[in-house]
Amino acid sequence: MYSNTETAHSFLPTVLKAFAISLAFALLGMCAGVFVPPVLFMPLSIIEIGMLLVAFFLRRRKAISYTFLYAFTFISGVTLYPVIAYYLATIGANMVLQAVGTTVVVFGGLSIYATKTKRDLSFLGGFLMAALLALVVLGLFNIFWPLSSTAMLVYSFIGVLVFSGYVLFDFNRMKHYGVRAEDVPLMALNLYLDFINLLLSILRIFGILSSRD
């Protein structure tokens, strides 16, 4: 733990830079996804999940590298391509851009609040993990027994709340507890996952609401 505010903030710009580069790699991956045969998306998704599990289990023992971070975000961008393409086809480019803009505003607003408030929000960790596990279970349930549009709308709003909570939690943790240089890629990965999952939840909400018009 870092004992002073100056030390706690020292690596925050580095984390934000790595996060921005991660988004750029994801965008490159999305562009590359146009040329990926559909049969490869499932294997790539399995690799993506495997890399996430590796990062999760090694997070306390061994820091992940920048190479790991950017490889993951590139693959993530590739696997995101079919999702974004689906929403572009169903709700249109304007709505997708509105969803991206909404995500940026929400993410930015929460990150500013989390780094400015004097409150320690670490107590959110347990609640967020339980909520995330519940979302994963419901997501798996939806694969085999599809939820109604109303249930999916509720699921998506809960997703927005959960990942908004993670944005608050991650930024606030960096403020109060600091970031070691070797932990920068992992913290950037956390922010990337917060942003992408928040975006996907907002896209689902826009998609469901537009289908009811």
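A nonpolar surface patch of about 590 Å² is formed by I49, L53, F56, F57, M129 and L133; patches of this kind are assembled from residues with over 30% relative accessible area and no salt bridge, nonpolar side chains (Val, Leu, Ile, Met, Phe, Trp, Tyr) being joined within 5 Å and like charges within 9 Å. Two elements, α3 (41–58) and α6 (124–144), each give two or more residues to this patch, and α3 gives the most, with four residues. F56, one of the patch residues, lies in helix α3 and counts as partly exposed because its relative accessibility is 37%, where partly exposed denotes the range between buried (under 20% relative accessible area) and exposed (over 50%), with a 1.4 Å probe and protein chains only. The areas themselves come from the Shrake-Rupley method with a 1.4 Å probe, and for residues only the protein chains shown count as cover.

The model is predicted, so that local features need pLDDT of at least 70 and side-chain atom pairs count only at pLDDT 80 or more, whereas totals for chains, interfaces and linings use all residues. Residues are numbered from 1 along each chain as its sequence is written, and side-chain values use heavy atoms, with hydrogens and water left out.

In overall architecture, the chain contains eight helices and zero strands, its elements running α-α-α-α-α-α-α-α from the N terminus on; helices (H or I, at least four residues) and strands (E, at least two) are DSSP runs, numbered from the N terminus. The C-alpha trace spans about 50 × 35 × 30 Å along its principal axes. The radius of gyration of the chain is 17 Å, which agrees with the value near 17 Å for a compact globule with 213 residues, the radius being taken over C-alpha atoms and the globule rule being 2.2 Å times the number of residues to the power 0.38. Of the 213 residues, 42% are buried, and the accessible surface of the chain comes to about 11800 Å², of which 73% belongs to carbon and sulfur atoms. Among the contacts with a separation of 6 or more, 89% are between residues 24 or more positions apart, a contact being defined by heavy atoms within 4.5 Å.

Aromatic pairing was examined next. Rings of Phe, Tyr and Trp (its six-membered ring) pair if their centres lie within 6.5 Å, and planes under 30 degrees apart count as stacked, over 60 as edge-to-face and the rest as tilted; by this rule the count comes to twelve aromatic pairs. One of them joins F107 and F195 in an edge-to-face arrangement, with 5.5 Å centre to centre and 80 degrees between the planes. This pair links distant parts of the chain, as F107 belongs to helix α5 (residues 93–116) and F195 to helix α8 (residues 184–211), 88 residues apart. Both partners are buried, F107 at 6% relative accessibility and F195 at 9%. A further pair, between F144 and W145, is tilted, with 6.1 Å centre to centre and 55 degrees between the planes; here F144 counts as exposed at 61% relative accessibility, and W145 likewise counts as exposed at 55%. Ring pairs also link F19, F107, F171 and F195 into a cluster.

Helix α7 (residues 149–177) contains N172, which counts as buried because its relative accessibility is 0%. Apart from neighbours within four places in sequence, N172 is in contact with A114, T117, R119, D120, L121 and S122. In helix α7, D170 and R173 are three residues apart and therefore separated by about one helical turn, and their side chains meet in a salt bridge (3.0 Å, N to O), the criterion being a side-chain nitrogen of Lys or Arg within 4 Å of a carboxyl oxygen of Asp or Glu.

E182 counts as partly exposed at 41% relative accessibility, as does R180 at 41%, while D183 is buried, with a relative accessible area of 16%.
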